[in-house]
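Subject: Handover of a structure and the findings from it

Dear colleague,

Please find below the structure that I am handing over to you. My notes on what was found in it follow directly after.

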Amino acid sequence: VTAEEARGEALERCRGGRGLRVGLGGAGGLAEALGRVLRARVQAAAPVPAFRAAIKDGFAVIAADPPGLPRRVVGASRAGPPMPGLRVGPGEAAYITTGAPVPEGADAVVMVENCSREAGGAPFGRGAAVPGAGEHVHLVGPAGQEIRPGQEIREVGSDVGAGEVVLERGERLGPAEVGLLATVGAQSVDVSRRPLVAVLSTGDEVVDGFSGVEPGLGQIRDANRPMLLAAASAAGADILDLGIAGDEEGSLEKAFAAAASAGADVLLTSGGVSMGDKDLLKGTLERLGRIHYGKVLMKPGKPLTFATLPREAAEGPPDELLVFGLPGNPVSSAVTFYLVVLPCLRALAGWREPELRRVDAVLEEELRLDPARPEFHRAVLRWAPGEGAAGGTFLASSTGGQISSRLLSMRSANALLTLPQRAGSLPAGAVVPALLIGDVAGMPQAPGTPTSR
């Protein structure tokens with residue numbers, strides 16, 4: 001199958017996911033909600049703001065009062081509970097701070113910078129003492145005298161109306177969305193569960209990379225399992241480390257049973273999917289479940305295998321454990337994770353559009369093509385600003401040697417360039433599709449790119 005068919009076949013079996021209700025109280029509730037996808041819309045029960053509020057520091061006045069008239073100060077309204085009985089009548093004003101309730105009778109606010117103690121006097125500066133009750137304030141300059149009703153006032157419901165939908169089903173909860181939930185007083189939300197991903201390495205040749213044990217002759221440190229656990233966690237999944245299964249009979253069955261009993265949605269294995277006599281994974285999957293495909297037309301990652309194992313569900317009809325047999329070479333394992341597994345984890349988490357995002361990029365160097373298979377070339381994208389209607393562009397530079405055992409080719413890579421299957425090469429300056437696998441907010445910047453500083 002092609003990489004697109006492999007991804008589509010897997011996605012067909014992981015739509016929907018499971019739901020739960022998350023309380024929003026305290027830091028623990030926020031952490032539980034952050035990054036999840038809503039399964040029900042959220043509406044505001046009451047208007048925001050619930051009272052007329054000042055947008056700026058200044059004086060609350062009546063817009064229809066004659067221009068140039070000195071206003072007698074009758075009190076102050078500051079953020080918090082309003083001053084009891086405070087009311088502004090004709091020829092009067094009340095000092096008011098940003099966010100404070102507008103006193104009854106007032107219908108406009110004049111910024112403090114357009115007010116003065118004396119007619120024609122200097123406006124109040126930062127930190128200056130303003131007139132208190134019984135004193136007078138003058139409005140100076142055109143901005144202080146051309147007053148419109150509603151000026152510098154947030155009206156009731158001007159931000160959010162009562163009953164207004166603030167978040168739709170299918171939206172992911174980021175920091176701004178969490179702030180909206182607090183704004184409308186939501187106590188809990190219906191969200192999708194995070195998928196549980198179990199990760200297993202296979203083979204007598206691998207030893208735990210973090211154990212401190214020195215590999216013996218013919219052995220290597222296991223990079224795949226910690227890498228895949230980290231990748232699944234970064235994708236928002238919960239993770240379960242199943243360790244390393246040796247090449248002895250029955251070790252894979254035990255690992256599969258452990259994943260199923262833990263309630264895992266997805267099992268990731270690495271190694272054991274090629275053609276050697278110790279590559280036992282495919283045979284075990286074929287005996288216990290169903291293999292949907294076992295080879296993919298792609299470079300790297302040809303031995304990628306996808307299977308499903310039936311199991312009894314805690315509630316309802318039997319469900320299935322999704323098993324992705326990733327290749328043993330670290331780069332192949334990482335690339336197939338991003339291309340096929342990551343979209344599936346997003347779908348299980350409730351994403352409406354789980355596919356990798358695609359942009360066009362301009363090659364900064366010549367790249368050789370493979371006549372046997374399409375290639376997903378690891379690259380670093382950076383943005384080069386442009387002038388005029390054409391705008392800027394993404395520039396793509398290779399991460400170097402692309403052999404599938406060289407994990408250094410994944411370091412700093414934020415994109416996979418989709419190179420066609422054919423002989424020859426693509427020249428520098430060619431435009432190629434690039435699938436985003438990293439956060440472009442942290443990508444390198446081209447020389448001369450404007451910054452936020």
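Cys115 has a relative accessibility of 0% and therefore counts as buried (buried means under 20% relative accessible area, exposed over 50%, and partly exposed in between, with a 1.4 Å probe and protein chains only). Please note that this is a predicted model, in which local features need pLDDT of at least 70 and side-chain atom pairs count only at pLDDT 80 or more, while totals for chains, interfaces and linings use all residues. Residues are numbered from 1 along each chain as its sequence is written, and side-chain values use heavy atoms, with hydrogens and water left out.

Cysteines

A disulfide is a covalent bond between the sulfur atoms of two cysteines. Here, a disulfide is taken as a pair of cysteine sulfur atoms within 2.5 Å. How many disulfides does a search of the whole structure find? The search finds zero. Cys344 is in no disulfide, and the nearest cysteine sulfur, that of Cys14, lies 3.6 Å away. Cys344 also counts as buried, because its relative accessibility is 1%.

Helices packed on α8

Helices (H or I, at least four residues) and strands (E, at least two) are DSSP runs, numbered from the N terminus. The axes of helix α1 (residues 3-11) and helix α8 (residues 330-348) come within 9 Å and cross at roughly 25 degrees. The angle makes α1 roughly parallel to α8. Axes are lines fitted to C-alpha atoms, for helices over the stretch in contact, and angles run from 0 to 180 degrees between N-to-C directions. Angles under 35 degrees count as roughly parallel, over 145 as roughly antiparallel, 65 to 115 as roughly perpendicular and the rest as oblique.

On the α1 side, Ala6, Arg7, Ala10 and Leu11 meet Leu339, Val340, Pro343, Cys344 and Ala347 of α8, where contact means heavy atoms within 4.5 Å. The residues of this contact comprise eight nonpolar, no polar and one charged. Ala, Val, Leu, Ile, Met, Phe, Trp, Tyr, Cys and Pro count as nonpolar, Asp, Glu, Lys and Arg as charged, and the others, Gly among them, as polar.

Helix α5 (residues 224-234) also has an axis that comes within 11 Å of that of α8, and the two cross at roughly 25 degrees. This makes α5 roughly parallel to α8, and the crossing is right-handed. Asn224, Met227, Leu228, Ala231 and Ala232 of α5 make the contact with Pro330, Ser333, Ala334, Phe337 and Leu345 of α8. Eight of the contact residues are nonpolar, two are polar and none is charged.

Helices α6 and α7

The axes of helix α6 (residues 251-261) and α7 come within 10 Å and cross at roughly 55 degrees. That angle makes α6 oblique to α7. Leu252, Glu253 and Phe256 in α6 meet Leu281, Thr284, Leu285, Arg287 and Leu288 in α7. Leu281 belongs to helix α7 (residues 281-288) and is buried, with a relative accessible area of 1%.

A loop glycine

Gly294 lies in the loop between β18 (290-293) and β19 (305-311). Gly294 is buried, at 17% relative accessible area. Gly294 and Thr305 are eleven residues apart in sequence and 4.2 Å apart in space, C-alpha to C-alpha.

Yours sincerely

How values were computed:
A crossing is left-handed if the near helix is turned anticlockwise from the far one by less than a right angle, and right-handed if clockwise.
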